[in-house]
Amino acid sequence: MIFRVAFVLLFVAFGQMRAQSLSVDSLESELRKARHDTTKVNLYRMLAGTLLNSDPARALEHAKAGIALGRKIGYDKGVAGCYLNLAVVFNAASRIDSFITYTDSAIVWAEKVNEPNRLALAYLNRADAYLQLRNLKQSLMDCEKALDYAELANNNDRRARIYQTIGTVYYSQDKYTESEEYYERASKLYQEDANYRMYAIILNNLGNIYKRTGLHDSALTNYHQAIEFANKAGDIVNLSMYYSNISSLYNYTQNYEKAEASAKLALQHAIDGENEVQQADAYYNFAISFLNRRHYKEAIDAGIKAFTMNGSNGLLEEQSDAAILLADAYAANGNYKDASYFYKTGSALNDSLLKKKYDEEIAFLQTSLRVEEKNNEIALLTKDKMIQEQNLSRHRILIAGSLLMALLAIAAIFLLINRQRLKQRMKELQLRNEIASDLHDEVGSSLSSIHMLSGMASSGKKGAPDHKDILKKVNTYSKETMDKMSDIVWMIQHMNPEDQSLSERMKYFLTAICESTNMEPSYSVDESVLHQLTMTQRKAVYLVFKEAVNNAAKYASATKITVSLNQTGKQLQMKIVDNGTGFEDASVKKGNGLKNMQNRALELKGNTTIASTIPGGTTVTMTFPV
């Protein structure tokens, strides 16, 4: 984006330099009165330059009318000017191929009248277009031609802008030494002309180089100087960007208080300028600072604003960065559910960004091919003797383009494969986390009890429980641990035909519990429904069932328990009913077991209800969509 600012200033300044003191209405009034001569051509050119941002369609009409009249009366200089402004209209509409084509025409007509000032501008504009197309070699070649004509015209402003574009070409290639050299050349010329707005932009660009190369003090000095000269020039548009760069640098060097102070100034200028993109950048810098200072709520609030604003402006990369930052902030704050959501959102945005970059590469390639084809068509009209050579060149370009298209297709396939691998790795990571959580929740407490009991047995202290009692408890906890480990291993296995089904395991557990407590079991389950469940759903159903049956056996003094499971519409419903003593909801302290049953249903976007009467028994009902 740094080279786009300079480029826009270039062609707008040229298009309006003679019309800046005249309104559109006065120019059109003069146009209606003018004869069909050079004055009317110049009026068409000035109107095209004046309207190119506010009314591109009218600007296009005036430029074309000026070209037609100029060619009719033989006014080559006016034709060149109208072509140049016509090209700029297409650039404003992001039609880079048409922009280059009409710039080529402007060059041809400007060469006829040997007008170095306009030729310098035309070549510079085309250099910027090739920079946008990432054709850096051609961009530098056009900069060299533009510089030759700027020297002939003795125009310092042209020289400065050419040096700036060359510096940007090198910066885009990470050649910071060469980039700094040309930015410094542009800097001196802008100072000589007292062009403080452009001088501030160059200072900012140099600050970016120093930041990239680790010269943080120099970068900070340049950013502050950019602010000083922007204020001097009355350029409030770029102040927010400069303060954001300072905030980002302070965050990078872990000076978070100063980072927040600079982000506050950046935000204020962005709000004053009604620039939502710059506001999002300021909020992102706030979020980074707050997160590193462990102010998690403030980090989340700022991150949400950056995420929302970047999303509304279609900035996928910035929105992805904000999502990842929010994932870190929520995780640090203990909110793993929202952390997981934003991590997945960030990954999805990153996938969209990769696809967008791929599409842009295809679009750039297609645009480059169209530009080359149009250039060839113009050359065919003016240089008949080179027809054969140009046809050969076109075939080579098409072959090269086909090869590039093939390479891009291969790259796309590779990206898709890599994306699938990343998804698989994410699934594996999620599975590992679930296993670790289950081991901690289900097995950790039992092992801790065994460890404590073994310590008591080996301590020999007076008043310690009898060894037999200890060994009995160790035996009980060991059996529970083995059962829990067996459950965990079963739940993570794939549903192979030889594996024990969910229904079989539920029936086995129910029978074992009832035999040990003399309860009469009743089991009615639609097994076809169970086969459709995912691993997560199987796990939730089994653990809620197991918790409810255990509670009935331990606390209800029930003589009969009924388990039923079936599907109604798109809802699965499981009921566990006992005829025990029941309980009053207000008098029972809700432990982890009851909370876990409710949470497991919520994870499946369902719910678990517990209804109990004294006497009468208890009914546990779990429902969730399938």
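A crossing of two helices is left-handed if the near helix is turned anticlockwise from the far one by less than a right angle. Keep that in mind. The model I'm showing is predicted.

Let's start with two helices, H2 and H3. H2 covers residues 24-33, and H3 covers residues 38-51. H2 passes H3 in a left-handed crossing.

Two packed helices are described by the angle between their axes and the distance between the axes. Here, the axes of H2 and H3 come within 10 Å. They cross at roughly 155°. Angles over 145 degrees count as roughly antiparallel, so H2 is roughly antiparallel to H3.

Which residues in H2 meet H3? They are Val24, Leu27, Glu28, Glu30 and Leu31. On the H3 side, we have Lys40, Leu43, Tyr44, Met46, Leu47, Thr50 and Leu51. Sort that contact by class: 8 residues are nonpolar, 1 is polar and 3 are charged.

Next, helix H13, residues 239-252. How far apart are its end C-alpha atoms? They are 20 Å apart. At 1.5 Å a residue, its 14 residues should span 20 Å, so the two values agree.

Is H13 mostly covered or mostly uncovered? Mostly covered: 11 of its 14 residues are buried. Among them are Leu239, Tyr242, Tyr243, Ile246, Leu249 and Tyr250. Ser240, Ser244, Asn245, Ser247 and Asn251 are buried too.

What covers those buried residues? The cover includes helices H11 (196-212), H12 (216-233), H14 (256-272) and H15 (276-292).

One last stop. Just after H13, look at Gln254. Gln254 takes a positive phi of about 65°.

Note on methods: Residues are numbered from 1 along each chain as its sequence is written. This is a predicted model: local features need pLDDT of at least 70, side-chain atom pairs count only at pLDDT 80 or more; totals for chains, interfaces and linings use all residues. Side-chain values use heavy atoms; hydrogens and water are left out. Axes are lines fitted to C-alpha atoms, for helices over the stretch in contact, and angles run from 0 to 180 degrees between N-to-C directions. Helices (H or I, at least four residues) and strands (E, at least two) are DSSP runs, numbered from the N terminus. Angles under 35 degrees count as roughly parallel, over 145 as roughly antiparallel, 65 to 115 as roughly perpendicular and the rest as oblique. Contact means heavy atoms within 4.5 Å. Ala, Val, Leu, Ile, Met, Phe, Trp, Tyr, Cys and Pro count as nonpolar, Asp, Glu, Lys and Arg as charged, and the others, Gly among them, as polar. The expected span of a helix is 1.5 Å times one less than its number of residues. Buried means under 20% relative accessible area, exposed over 50%, partly exposed in between (1.4 Å probe, protein chains only).
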